[in-house]
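Biologist: I have the file open. Can you walk me through it?

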Amino acid sequence: MANGSLRLIWGRVGMERARGRHVIARLGEFPVGARKIVRIGGREIGVFHTTAGLFAVRNSCPHQAAPLCLGTITGTTLPSAPGEYVWGLEGRVLRCPWHGWEFDLATGAGLYDPYRHERVATYEVRIEGDEVVLFA
Amino acid sequence: MTVSATESQPPPGARRAVPAGLELIDADVHPSISDYTQLHPYLPEVWRRHVRKSGFGGASSGILRGQGGLYRADAAPPEGGEPGSDPALLREQLLERYHVRYAILNGGNILGLGTLPDPDFASALAAAYNDWTIDFWLTKHNADGRFKSALFVAPQDPLAAAREIDRLGDHPHIVQVLFTTATESPLGHRRYWPIYEAAEHHGLPVAVHPGAEGRAISGPPTAAGWVSKYIEWHTCLSQRAQAHVVSLVCQGVFVRFPKLKVVMVECGVSWLSHVMWRLDKNYKALRNEVPWLTELPSEYIRRHIRVTSQPVEEPPDRAQFLSMLEMVDARQTLLLATDYPHWDFDDPLAAFAGVPDDLKRRIFFENAAELYGAKLGTVAG
């Protein structure tokens, strides 16, 4: 339980604190398909380069604290009429490696949560020159 | 507890008086037909001849019923005939005894039509039973309008079922569509959608009721297969209800038919919490299979599924009973039912003793009044 509480506090602080600048790779070493999990302070953060762009989220699933960033990058079925299937968000969906809960890498929102209350913390990633830079 | 002058006295042998001001809507009452030849005038000649020769063909599952038979032993009419076949006795033993304002009649000994191999015969039987019900129960013996009835349909032929709903669904005392839980497929299957479309169009809930499990084309009566004892058969009747609710939600029936309500009659109560919790948990992992669900499955269940109380679970610890009502959100989902005149009848006063008055009012009256709406006449109660 103590770990769970700490996780929550860190999540909030992570969103609010003045962010540090961290070079995590050279762009040439970080092509589409690459991911890197870095440790910044007490936080593990996964940085992804997908077909949809650069993203970074906390490496902890809000469900049971699984290492979220070891999950699959994919798309998913978008809301549709019964019996219809519309694929979307390709490269923007991270599926937790344990239970398959889906998160939108761009917003951190849990796609399984109709009310969008549950989310994983997200961080800004930018390309500066030939460096991939994480702000966290 | 003192008995005030306004409370009615219980009949001999009854321990509980109905509290002043308490009224019920009984969501599961079984009238009987005293003699099946009464259906003959309502059947086309070809089926009338068949019935004369071989009966309804509603063979039993072969599972031996316990010693008591189907009925309460005190419900047989003095002049003879099946329990539940005498409107006056039914009124005395149920409506007057328990202050039942409206009795929802769910037919008697006819549910098995939903498992007959011939859909044309099944549809004809349903229509004949509906016509007889309207003439006998809803017209001849219904001066005060307290009898409301289900409309039987044969799920083997959903298009014919939809036509039957179009034919009689607007009758003022027909308040829901009814067929067996022992269907060939889970209820979310698209083959059944014409029934839902017609029911929604006529503003009628769809109710399903167990009892024909193991008959004819229904398949084995439990999820694990065939059982040998009635106690096993009866206890496992909640299984199909679970599969039906999961199917209805996951297949998007309530997305496609947003005004439809489905009543799981006599299938038990506490399993509903298990289904809501397990389905919600699985939705989080498997939502991508059912992208048309944009709310948690339990939200669709709370809005669209109702369960009737009898035979209500009786945990030895009364606090667990109250917890159960909370866990299934009984304030919204539960309808009082007695199942009169069957052997597993629940006395509502005994079954819900100790339940807080406001919750009891929801279960005994308001939930059903909201479900059946204007057809009950005085919704405000």
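Biologist: What is the strand order in the open sheet of three strands in chain A?
Modeller: The order is E5-E6-E7 (chain A), paired antiparallel. Strands are DSSP runs of E of at least two residues, helices are runs of H or I of at least four, and both are numbered from the N terminus. Two strands pair if DSSP finds at least two bridges between them. This is a predicted model, in which local features need pLDDT of at least 70 and side-chain atom pairs count only at pLDDT 80 or more, while totals for chains, interfaces and linings use all residues. Residues are numbered from 1 along each chain as its sequence is written, and chains are lettered from A and ligands numbered from 1 in the order in which they are written.

Biologist: Which are the edge strands?
Modeller: Strand E5 (72–77) and strand E7 (102–104) of chain A, each pairing on one side only.

Biologist: How many bridges between E6(A) and E7(A)?
Modeller: Three, in the antiparallel sense; strand E6 of chain A covers residues 87–95. Leu94(A) has Phe103(A) in E7(A) as its bridge partner.

Biologist: Switching to chain B. What is its secondary structure?
Modeller: Chain B has 14 helices and eight strands.

Biologist: How much of chain B is buried?
Modeller: 48% of its 381 residues. Buried means 20 or more other C-beta atoms within 10 Å of the residue's own, exposed means 12 or fewer, and partly exposed is in between; C-beta atoms are placed from the backbone.

Biologist: Which residues have the most contacts inside the largest nonpolar core?
Modeller: Val57(A), Phe152(B), Val153(B), Val177(B), Ile195(B) and Met264(B), in a core of 137 residues. Such a core is a set of buried Ala, Val, Leu, Ile, Met, Phe, Trp, Tyr and Cys residues joined through C-beta atoms within 7 Å. Helix H3 (residues 119–140) of chain B gives the largest share, 11 residues.

Biologist: What does Val153(B) touch?
Modeller: Leaving out residues up to four places away in sequence, its contacts include Ala126(B), Glu164(B) and Phe179(B). Contact means C-beta atoms, placed from the backbone, within 7 Å.

Key:
Two residues are in contact if their C-beta atoms, placed from the backbone, lie within 7 Å.
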